[in-house]
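Colleague: I'd like to learn how you read a model like this one, feature by feature. Can we go through it together?

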Amino acid sequence: MEDLRVPKRRVSAEVLLPGGAARRITLFLAEAAPAHTGPERPTDLLNGGDDFVPAFDEEARAMTFLNRAGLAVVRVERELEDGGVDALTLPTEHEVDVLLESGATLRGLVSYLRPPERSRLVDFLNEPAPFFRLIEARAIALVNKHHVARVALVKP
C-alpha cells in the first residue's frame, strides 16, 4: 500500500484568515506539477479544483483541512513561486496596494504576461484563477480575489 502514495514536499506558509487571524502551516506539494514542468507551486495547489487543501497546523501540531475559498492570503517564500516565466518576454508590472475586506492592506508588485490587447491590470485581476501573486519585499503573498475589497495603483 505504501507504494501507492504520491511523494509530497513539505512547504512552510503563513495563512491569513478573513477575520485577520494568522496561522503557520505546512502545505504538501507534489514533486511534479500537472500543468507545467517542474514541481508543483503553491499557486498550483490554491488555484486547483479542490475545495479543501490538506495542511499541517504548526501551532496545533495537527492535520487540518483548509477551505480554499476561506483563505484570504497565503504567504510563502519567494523561491517556491519561481519558474514559469519566459526570460525573453518582458512582463507587465504594477506596484499596488491591496485592501482586504478585513481592513488589512498589502503592498507589492503584480507581474504577469498577457496578450497586448488584454494586458491591463483589470484584465489580469479578472482572470478566472481565484488567487494571484503579490510580490512583497520578503515573500510572495498569494491573494484570494474573493477577499479583496480594492486594488489601487501606487503613484510613482
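Colleague: Let me begin with a single side chain: is R118 buried, partly exposed or exposed?

Modeller: Keep in mind that this is a predicted model. The cut-offs are under 20% relative accessible area for buried and over 50% for exposed, with partly exposed in between. R118 has 41% relative accessibility, so it counts as partly exposed.

Colleague: And which residue does R118 form a salt bridge with?

Modeller: With D123; the closest N and O atoms of the two are 3.1 Å apart. D123 is a buried residue, because its relative accessibility is 3%.

Colleague: How many salt bridges does a search of the whole structure find?

Modeller: Nine. One of them pairs E59 with R23, where the closest N and O atoms are 3.6 Å apart. Check where the partners sit: E59 is in the loop between β3 and β4 (62-67), while R23 is in strand β2 (residues 22-30), so the bridge ties together parts that are 36 residues apart in sequence. E59 is exposed, at 63% relative accessibility, and R23 is partly exposed, at 26%.

Colleague: What about R114 and E127, how do their side chains meet?

Modeller: In a salt bridge, at 2.4 Å from N to O. This pair also links distant parts of the chain, 13 residues apart: R114 belongs to the loop between β7 (105-112) and α2 (121-125), and E127 to the loop between α2 and β8 (131-135). E127 has a relative accessible area of 27%, which makes it partly exposed. Salt bridges can also join into a network, as they do for E14, R75 and E136.

Colleague: Let's zoom out. How many helices and strands are in the chain?

Modeller: Two helices and ten strands. Following the sequence, you read β-β-α-β-β-β-β-β-α-β-β-β.

Colleague: Now the inside. Which residues touch the most other members of the largest nonpolar core?

Modeller: The general idea is that nonpolar side chains tend to be buried together in soluble globular proteins. Here, the largest core has 18 residues, and I25, L27, L71, V74, V76 and L142 touch the most other members. The elements giving two or more residues to this core are β1 (8-16), β2, α1 (42-46), β3, β5 (73-76) and β9 (140-144). Leaving aside neighbours within four places in sequence, L142 has contacts that include P42, L46, V74, V76 and F132. Another core, of 16 residues, lies apart from that one, with L16, V96, A141 and V143 among them.

Colleague: And on the surface, which residues form a nonpolar patch?

Modeller: F52, M63 and F65, with about 350 Å² of accessible area together. F52 sits in strand β3 (residues 52-57), and its relative accessible area of 48% makes it partly exposed. Buried residues make up 36% of the 156 residues.

Conventions
Residues numbered from 1 in each chain as written. Predicted model: local features only at pLDDT ≥ 70, side-chain atom pairs only at ≥ 80, totals over all residues. Heavy atoms only, no water. Patch = residues over 30% accessible without salt bridge, like charges linked within 9 Å, V, L, I, M, F, W, Y side chains within 5 Å. Areas by Shrake-Rupley, 256 points an atom, 1.4 Å probe, with all protein chains shown as cover. Salt bridge = Lys/Arg side-chain N within 4 Å of Asp/Glu carboxyl O. Helix = DSSP H or I, 4+ residues; strand = E, 2+ residues; numbered from the N terminus. Buried < 20%, exposed > 50% of the residue type's maximum accessible area, 1.4 Å probe, protein only. Core = buried A, V, L, I, M, F, W, Y, C linked by side-chain atoms within 4.5 Å. Contact = heavy atoms within 4.5 Å.
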